[in-house]
Number of protein chains: 2
Amino acid sequence: MTIMHTRPRAFSMMENTMNERPFAQAINRLREVDLRPTRQRLALAKLLFERGCDRHVTAETLHEEAQKSGARVSLATVYNTLHQFTDAGLLREIMVDSGKTYFDTNIDDHHHFLCERSGQLTDIPAHMVTVAELPQAPDGSKISRVDIVIRICDQ
Amino acid sequence: MTIMHTRPRAFSMMENTMNERPFAQAINRLREVDLRPTRQRLALAKLLFERGCDRHVTAETLHEEAQKSGARVSLATVYNTLHQFTDAGLLREIMVDSGKTYFDTNIDDHHHFLCERSGQLTDIPAHMVTVAELPQAPDGSKISRVDIVIRICDQ
DNA sequence: GGCTAAATTAGAATAACTCTAGAAATGCAA
DNA sequence: TTGCATTTCTAGAGTTATTCTAATTTAGCC
């Protein structure tokens, strides 16, 4: 197992406004995390990171999106790629709906609203939630992260 | 859909120390939530609630336990029963490990430690966590619950 | 006890992944 | 560049957790 000491920031549209050498950014980013910049990985990276907003995808939804955009990528590759990107710190896996794995392009410290009706997830920046007191982690262990899900329902 | 206004407390060993009429408690509790006290439901209720401690089970683990205790219950019935108990407010469904559904016999307001190595879940009473500031729920919705998972790893 | 609705069950079906093994693409070295 | 070792991709099979289905059994009531 490898521990990431410096988490790379995710791709962003901002960094590529000029659109010269459209894939250069993505290629470098993938190289940085030791993933060969293949056609498939580049296509998925584009969909995930070059839209300029934070996204919550499942393998299923991303695969569908890739198909629509004309990229030929198998579902197995989408699964592989999502896990590789997660291991590389480019994505974060989130657990809300048992039986489905969501990936979040926002890798900053943050939390989520979860709509109980629609299952819709929305980011909450970490600074909007203040936790005043936390219990001590059990002996021999330390807190690695605090995940907060605020469940909301219709008023 | 039915909204529960008065959540029944879960069963507890404390309430049945004398052991007279061993199933009376369970039978009444099931009646209260409009579930016929069948052989299977009683067996599962006993396993879940009469051990005097809070438990985290999956359908799989509970089914196995039932088998060992000599109760003949099908896995389908375990699934059905866990969901019925949850709907009746006797259990709470928790999401931590995508791909598996856990049920918690502790239905009080509380949170969880999640050990990233073993997947082990531990309850944290609500009073041990203080949330000082929460964001407003989006328009037209209200906060129904705040779930906090403190992920821990080896030190 | 007998009837009716509810509950249980085995096994089939489904959903979301994961694995496998062969084909294709990548990148390094000459 | 070309060849080759290695990585990556893919279709399809396999797995796991769960739900569905339709037939059987059981509970509660007269």
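1. DNA strand D is surrounded by 25 residues in this predicted model. The closest are Thr38(A), Gln40(A), Ser74(A) and Thr77(A), together with Thr101(B). The largest share, three residues, belongs to α4(A).

2. By class, the surface near DNA strand D is made up of eleven polar, seven charged and seven nonpolar residues.

3. An open sheet of six strands, with mixed pairing, runs in the order β5(A)-β4(A)-β7(A)-β7(B)-β4(B)-β5(B). On average, and with direction ignored, neighbouring strands are turned by 30° against each other.

4. Within chain A, β4 (residues 110-115) pairs with β5(A) over five bridges in the antiparallel sense. Phe113(A) is opposite Thr122(A), a residue of β5(A).

5. The largest nonpolar core has 19 residues; those touching the most other members are Leu44(B), Ala45(B), Leu62(B), Ala66(B), Val78(B) and Leu82(B). At least two core residues come from each of α1 (24-32), α2 (39-49), α3, α4 and β3 (102-104) of chain B. The most, five residues, come from α2(B).

6. Apart from neighbours within four places in sequence, the contacts of Ala66(B) are Ala43(B), Leu44(B), Leu47(B), Ala71(B), Val73(B) and Val78(B). A second, separate core has 18 residues, among them Leu30(A), Ala43(A), Leu48(A) and Val73(A).

Conventions. Residues are numbered from 1 along each chain as its sequence is written. Chains are lettered from A and ligands numbered from 1 in the order in which they are written. This is a predicted model: local features need pLDDT of at least 70, side-chain atom pairs count only at pLDDT 80 or more; totals for chains, interfaces and linings use all residues. A residue is near a molecule or strand if its C-beta atom, placed from the backbone, lies within 6 Å of it. Helices (H or I, at least four residues) and strands (E, at least two) are DSSP runs, numbered from the N terminus. Ala, Val, Leu, Ile, Met, Phe, Trp, Tyr, Cys and Pro count as nonpolar, Asp, Glu, Lys and Arg as charged, and the others, Gly among them, as polar. Two strands pair if DSSP finds at least two bridges between them. Axes are lines fitted to C-alpha atoms, for helices over the stretch in contact, and angles run from 0 to 180 degrees between N-to-C directions. A nonpolar core is a set of buried Ala, Val, Leu, Ile, Met, Phe, Trp, Tyr and Cys residues joined through C-beta atoms within 7 Å. A residue is buried if 20 or more other C-beta atoms lie within 10 Å of its own, exposed if 12 or fewer, and partly exposed in between; C-beta atoms are placed from the backbone. Two residues are in contact if their C-beta atoms, placed from the backbone, lie within 7 Å.
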